[in-house]
Amino acid sequence: MNTCSSKYNSSEQFMAHAVNLALRGRDRTAPNPTVGAVMVCDDRIVAEGWHQYCGGLHAERNCIADAITKNVDMTKCTMFVTLEPCNHFGKTPPCTHGIIEAGIPHIVIGTRDPNPKASGGLEFLESKGVKVETGVLEEECLDIISDFLLWQNSDRAYSILKLASTIDGKIGGATGKQEAVSCPESFVDVQNLRAMVGAVIVGGNTLREDNPSLNCRLEVKPEGFTQPLAVVVTTKLPTNHDDFTLTTTRAKETIFWTTTEQAASEVAKSLVNKGIEIIPLPQDEKGLIFEDGFKSLREKHCVLRSLCEGGGKLALSLAEQGLIDEFVMYQTPRILGNALGRPNFAGSDRQLMEDALNFRVSRVCQSGQDLKIVFKPVDTDN
């Protein structure tokens, strides 16, 4: 769990800083992994770098470039890098060659590269006399490339769930009135999440009650930005589709995941005539099965990451189907205390804690007055 640096020894502190650097580039590196690197001399960070965008220099070469501008003697340094340096020619030269050319004698690697094409960097460096250590904060380093790992091993979009909740687990009041739960800083952070994904997903109740636009509202957007697709999950398509922002001003960017029966209805035909896409999904006794929807996002629309902002029932369905790759919780220091308030997960018939769905804490940080907690599912390869 990446929390306070004081909980780490010195090597872990340097790697934790490299992890935080890596996260700075996450919105623009896909489909490449997120990577960070720091140069250390006499127990002090003297240079740093991260992979800033796909096709750009990798973290190691940016770190070396930073060291050169600062006149650092790299022959006396140790480099900490979150992912094994690549040893192949791609859009950029191998990072291993850059490390050898710089004369860096010691490399500490968070985790080995799972991509066979890019692996072998460790062995190459050792063959050139570089001292190599591995496995420092390995779980944290794997967590920041969990999307990349899924892209390598699956044909679906990486699924992020976002919820804002009170201390007592409520994402809304008892009346259903649309109200802000989290603080303004968390709102901005959510817009950064929307800027990073290719689709934002909500349920039919959210469409009907909130009439959302599901677009990114950052004043300054990343270079090359396009608005995410809007996906609505519902077993009943809206007949009053002229009443909603998504089905009017964003029709050609909107997708409905629904039942096979609804997809063949006259309502579906009228939505398709507006430019809206209708995707029929299989069902079981609990409802729609979402796997094919995430595959369609990846295969048809090249969506690498999706962000679910739906309510408690949709959140639980994703959890039960194993389709939460990352769960971002903004916990606000407020208590509603009303049992009728809307819970962050709803619809389960589980009664015992031993039957609970398990997650683990990956990262924790402050977001204004809120606590931002990033969870990962347990018992997975990621």
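Predicted model: local features only at pLDDT ≥ 70, side-chain atom pairs only at ≥ 80, totals over all residues.
Cys-308 is buried, with a relative accessible area of 1%. A search of the whole structure finds 0 disulfides, and Cys-308 is accordingly in no disulfide, the nearest cysteine sulfur being that of Cys-216, which is 17 Å away. Cys-41 is also buried, with a relative accessible area of 17%, and the cysteine sulfur closest to its own is in Cys-77, at 4.4 Å. Because a disulfide is taken here as a pair of cysteine sulfur atoms within 2.5 Å, that separation of 4.4 Å between Cys-41 and Cys-77 is too far for a bond.

Cys-302 brings in another matter, that of the backbone. This cysteine is found in the loop between α12 (291–301) and β14 (305–308), and at 63% relative accessibility it counts as exposed. Its phi is positive, at about 55°, although Cys-302 is not a glycine. Most residues other than glycine have a negative phi, and most peptide bonds are trans. Asn-71 likewise has a positive phi, near 55°, and is a residue other than glycine; its place is in the loop between α3 and β3 (78–83), where Asn-71 is exposed, with a relative accessible area of 71%. A cis peptide bond, with omega near 5°, runs from Ala-30 to Pro-31, and Pro-31 lies in the loop between α2 (26–29) and β1 (36–41).

Two packed helices are described by the angle between their axes and the distance between the axes. For helix α3 (residues 59–69) and helix α4 (residues 95–102), the axes come within 9 Å and cross at roughly 25°. Since angles under 35 degrees count as roughly parallel, α3 is roughly parallel to α4, and the crossing of the two is left-handed. On the α3 side the residues that meet α4 are Glu-60, Arg-61 and Ile-64, and their counterparts in α4 are Cys-95, His-97, Gly-98, Ile-99 and Ala-102.

Helix α11 (residues 266–273) contains Ser-270, which at 25% relative accessibility counts as partly exposed. Although Ser-270 and His-241 are 29 residues apart along the chain, their C-alpha atoms are separated by 9.1 Å.

The last stop is strand β10 (residues 254–258), in which Thr-258 lies. Thr-258 is buried, with a relative accessible area of 0%, and a polar atom of its side chain lies 2.8 Å from the backbone oxygen of Thr-234. Which other residues does Thr-258 touch, when those up to four places away in sequence are not counted? Besides Thr-234, the contacts of Thr-258 take in Thr-235, Lys-236 and Leu-237, then Ala-263, then Ile-278, Ile-279, Pro-280 and Leu-281, and also Leu-288.

Note on methods. Residues numbered from 1 in each chain as written. Heavy atoms only, no water. Helix = DSSP H or I, 4+ residues; strand = E, 2+ residues; numbered from the N terminus. Buried < 20%, exposed > 50% of the residue type's maximum accessible area, 1.4 Å probe, protein only. Polar contact = N/O pair within 3.5 Å; in protein donor to acceptor, adjacent residues only side chain to side chain. Contact = heavy atoms within 4.5 Å. Axes fitted to C-alpha atoms, helices over the stretch in contact; angles between N-to-C directions. Parallel < 35°, antiparallel > 145°, perpendicular 65-115°, else oblique. Left-handed = near helix turned anticlockwise from the far one by under 90°.
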